[in-house]
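Here's a quick briefing to read with the model open. Have a look at the picture, then go through the points below.

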Amino acid sequence: MVRRAGDPPPGILYGVIELHHLTKSYGSTLAVDDLSFKVEPGHVTGFLGPNGAGKSTTLRLILGLDAPTSGQALVNGRRYTSLRRPMREVGALLDAGAVHGGRSAYDHLLCLARSNDIGPRRVSEVLDQAGLAGVARKRVGGFSLGMRQRLGIAAALLGDPGVLMFDEPVNGLDPDGVRWIRELMRSLAAQGRAILLSSHLMSEMALTADRIVIVGCGRLVAEATVTELTTRYPSLEDAYLALTSGSVQYGGAR
Amino acid sequence: MKAVVSSEWLKLRSVTSTYHALATAALPIVLGIVWTVYVTGLADERGSVRAAAPEQGFLPLLQTSLAVLGVLAITSEYATGTIRTSLVAVPKRGALLLAKSGVVGLTTFLAAHVILFVTYATSRLIAGDHHLGFNEASFADEVPMLLASGLSATALALVGLGLGALIRSTAGAIVSVVALLFVLPGIAIYLPPPWNTRVATLLLPNLVPQIAEERLSSRLGDGFLPPWAALTLLLAYPLVTLAIGYYALKRRDA
């Protein structure tokens, strides 16, 4: 696989996510425990960890949906909640099911676009890009999981942001869609954007990501490039299993 | 702020539940016609009747329907998870709730007054010169009651929105609104006098006659509040509920 290690095209897009000692506790449970890492521009950073490791909580903390107990998450040097038109700086797909089933795909995106002063032409563009132009006026309630994923990705792209975060974007996608996402991620990163991609599909991750951040029990387990991991271990999957063996909370006996 | 209001306006407009709620709210027009035709027939037999005015008799239906509209404006977002998508697009939670309040407030204010005045006009037209009791006062004398009724429906819609933000469940918020509108006044009546009138005088539905300087009911007699105080209390209901809803929205993780 060809690694695009070169510098991103200068001055086009640039984004960065920084986590500084980010901590979130729910009662006595620590969901995220003193987590610090940086998502660099121009790369796809894979975000890995067992179920319940705190990946989704971390994404929610970055987006200001949950308030951190201590520490902070910065997007382009600022707290997310202080951004005036956040969709122009950060695009996020957290949960493809988080749509009102009675609204059409076009209206769903237009509601989001309007809140950030993005015009209707851009809505049509991202619908085209996500391959949903033909069903734009259909209600989202009738969409399959794969179509909802495409809609969620279209929403993330609306503001043409420099930072993108995707939580399990390939779930429910057909092989065509999986390849589309892989190529989309790589081209977005090549434009200088910072991409944080959470997924459990190791083979997909090996094809898409340049850098890997692994968390377990809310703590940072490893931060490395895919090349480093695949040199040290037979495959990315082996690397993942070896590194997280101590922090699997929910799993069968091995 | 303009962008957020425009987004919220499209949200309200792009789901069918809004139109269902408005259609139910408009039923008093139809029911008012049926009622007036019926009592006009009675008056033909007996010479005169003392019938209730349809815009007052069917007011609870209008109030409940618009309260449901207010509740759904926010709880439908919690039910579908869209609230997270909304808060990622608009991380300033106060701005989001304020925009929703503005859109819900204006929509229900206009809808309530149009429905009430149309109900008033059609019933008086049908009544003609018959002695029905409710059609003997002049329009100028009825205007305070009509405006107070419309304002009460708007207030209830905003109370519904505030309770929705606080409770987050559609069923829970609707039950609370219904309790405020029907259950509490029902209990107040059976308190030992003079407490029945003292408590009833402060309850939301009973503020309408007090603003129009009319008695609460034959059983409770006159309320204790002068019109300006009743009006202030009617405005305080949504303001206090929305403030509590805002505090909950601000403090809690989404």
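In chain B, B:Leu204, B:Leu207, B:Gln210 and B:Ile211 of helix 11 meet B:Pro227, B:Ala230, B:Leu231, B:Leu233, B:Leu234 and B:Tyr237 of helix 12; contact here means C-beta atoms, placed from the backbone, within 7 Å. This is a predicted model, where local features need pLDDT of at least 70 and side-chain atom pairs pLDDT 80 or more, while totals for chains, interfaces and linings use all residues. Residues are numbered from 1 along each chain as its sequence is written, with chains lettered from A and ligands numbered from 1 in written order.

**The helix pair in chain B**
- Helix 11 (residues 204–211) and helix 12 (residues 227–251) of chain B pack at about 150°, with axes 8 Å apart.
- That angle makes helix 11 of chain B roughly antiparallel to helix 12 of chain B (the term covers angles over 145 degrees).

**Annotated stretches in chain B**
- An unreviewed UniProt entry lists "transmembrane region" for several stretches of chain B, among them 58–76 and 143–166; such annotations may be inferred rather than shown by experiment.
- Residues 58–76 of chain B are 95% helix and 0% strand, with end C-alpha atoms 27 Å apart.
- Residues 143–166 of chain B are 100% helix and 0% strand, and their end C-alpha atoms lie 34 Å apart.

Technical notes. Helix = DSSP H or I, 4+ residues; strand = E, 2+ residues; numbered from the N terminus. Axes fitted to C-alpha atoms, helices over the stretch in contact; angles between N-to-C directions. Parallel < 35°, antiparallel > 145°, perpendicular 65-115°, else oblique. Contact = placed C-beta atoms within 7 Å.
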